[in-house]
Amino acid sequence: KNLGISVSEVNEDQLTLARWIASGLAIPGVQDGKGDARYLLNNMIAKFNSASDKYLISEKALECFNSMNVDLEKEYSRSRFYGKKKPFIFEHSIPASIVRAQLFSQSNDFDTVLSTLQNSGVVAILLREENLRLREMKLSRKMPVGWNWGGSLARYHEAGITISDKKLFVTFAIVR
């Protein structure tokens, strides 16, 4: 079941962010974390995934959306379901620090960076209780033992979180 982003689905915002990331990787000191570069790079990686036009939805979050009569055929502002008072978390299926390490381990030419970012997972909408399960299992910032690059839903599988085949179509400002 391929739930990731295909090459044809990378949008203009994501291409711009990929160019920024590739350019940033070429700056001396970035890999050493100078000038808070690791934090900045993690943020840009997370923004790349957040800039997608669609987010995956866990089965439990889907139940919540259904109870709210959310029409999944429509497009919504990214901020509509985001925030501390909302029951949802926008969660990155592969933590940005893992993606950053992958980027550091390879060439920083644009095609390689873009390919890595395209395989860096997706944003999944989870309920807060599901996100808590990831934290309890110490999977907030790491992937499960035995995970190989590219298996973007591995943390959810390990934590017993089922991702539905439904997507939320999103637009407007990237929230993070």
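The dialogue below works through how some terms apply to this predicted model.

Student: What should I know about the model before we start?

Tutor: Residues are numbered from 1 along each chain as its sequence is written, and side-chain values use heavy atoms, with hydrogens and water left out. Because the model is predicted, local features need pLDDT of at least 70 and side-chain atom pairs count only at pLDDT 80 or more, while totals for chains, interfaces and linings use all residues.

Student: Why is V30 called buried?

Tutor: Buried means under 20% relative accessible area, exposed means over 50%, and partly exposed lies in between, with a 1.4 Å probe and protein chains only. V30 has a relative accessible area of 10%, so V30 is buried. This residue V30 is found in the loop between α1 (12-25) and α2 (37-50), where helices (H or I, at least four residues) and strands (E, at least two) are DSSP runs numbered from the N terminus.

Student: Which residues is V30 in contact with, leaving aside its neighbours within four places in sequence?

Tutor: Contact means heavy atoms within 4.5 Å, and on that basis V30 is in contact with G24, A37, R38 and F104. From C-alpha to C-alpha, V30 and F104 are 9.5 Å apart in space, although 74 residues apart in sequence.

Student: Why does Y39 count as exposed?

Tutor: The relative accessibility of Y39, a residue found in helix α2, is 52%, and therefore Y39 counts as exposed.

Student: What is the order of the strands in the open sheet, and what makes β2 and β3 edge strands?

Tutor: The five strands follow the order β2-β5-β1-β4-β3, with mixed pairing. The strands β2 and β3 (88-92) are the edge strands, each pairing on one side only.

Student: Which residues of helix α5 are buried, and what do they pack against?

Tutor: In α5 (residues 110-118), the residues V113, L114, T116, L117 and Q118 are buried. The buried residues of α5 pack against α1, α2 and α4 (96-104).

How values were computed:
Pairing = 2+ DSSP bridges.
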